[in-house]
Amino acid sequence: MWWQIILVIIAAIVCYFTVHHLWLRQRQIHYQKQLDRQMRSLLPKIQKKVPQVLPETLQSSIPVSIWHRDVLVYEYLVQLSCDDEIKITAPQLSVVLNEGLDLPARLLVTECWQRGTTFHFDVVYLNNPTTLEYVGDMEKIDADNRQNDVPED
């Protein structure tokens, strides 16, 4: 009899975590679709700063390292018409994105880079406490890395 109770408790725990995981995943995908629509509408503004962007090639994904958490981070990539060096920074791109938003929370571009004719940028949707904690943790790690990279006299 006691082993049946333990089995039911274990099954309930597994069910809870499975349902919770699926709910988090669906939520991330919902926000990804919402941001994708916003990004498509913002592409003309982005093109003013990065003229070689080919708007029809915009794609997004959820980075594998955070897909199982309630962190709303998305990697965007867009093809470029040529491999001329892009001159926009992550903070500048954050400003462009937030100027034309119709979202309840703001966006933060944490990094952007160019690889050949592909422009990548990571966008954080600051819509929940877990995402805010994630950004804070990443800022601490960056600060620690910068401090450790400083050459000693």
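Colleague: Is Thr131 buried or exposed?

Modeller: Bear in mind that this is a predicted model. Thr131 has a relative accessibility of 0%, so it counts as buried, the cut-off being under 20%.

Colleague: Which helix is Thr131 found in?

Modeller: Helix α3, which covers residues 129–149.

Colleague: And what does Thr131 touch?

Modeller: Leaving out residues up to four places away in sequence, Thr131 touches Asp70, Val71 and Leu72, and also Val124, Tyr125 and Leu126. For Leu72 there is a polar detail: a polar atom of the Thr131 side chain lies 3.0 Å from the backbone nitrogen of Leu72.

Colleague: Switching to the sheet. What order do the strands come in?

Modeller: The order is β1-β2-β4-β3, in an open sheet of four strands with antiparallel pairing. From one strand to the next, the twist averages 20 degrees.

Colleague: How many bridges pair β1 with β2?

Modeller: Three, in the antiparallel sense, with β2 running over residues 73–79. Ser60 stands opposite Tyr76 of β2.

Colleague: What about α2?

Modeller: Helix α2 (residues 90–99) lies across β3 and β4, at about 125 degrees to β3.

Colleague: Now the overall shape. What radius of gyration does the chain have?

Modeller: It is 20 Å, whereas a compact globule of 153 residues would be near 15 Å. The C-alpha trace spans about 70 × 50 × 30 Å along its principal axes.

Colleague: How much of the chain counts as buried?

Modeller: 33% of the 153 residues. The chain exposes about 10,000 Å², and 57% of that comes from carbon and sulfur atoms.

Colleague: Last one: what share of the contacts is between residues 24 or more positions apart?

Modeller: 62%, taken over the contacts in the chain with a separation of 6 or more.

Terms used
Residues numbered from 1 in each chain as written. Predicted model: local features only at pLDDT ≥ 70, side-chain atom pairs only at ≥ 80, totals over all residues. Heavy atoms only, no water. Pairing = 2+ DSSP bridges. Helix = DSSP H or I, 4+ residues; strand = E, 2+ residues; numbered from the N terminus. Axes fitted to C-alpha atoms, helices over the stretch in contact; angles between N-to-C directions. Contact = heavy atoms within 4.5 Å. Buried < 20%, exposed > 50% of the residue type's maximum accessible area, 1.4 Å probe, protein only. Polar contact = N/O pair within 3.5 Å; in protein donor to acceptor, adjacent residues only side chain to side chain. Rg over C-alpha atoms; globule rule 2.2 N^0.38 Å. Areas by Shrake-Rupley, 256 points an atom, 1.4 Å probe, with all protein chains shown as cover.
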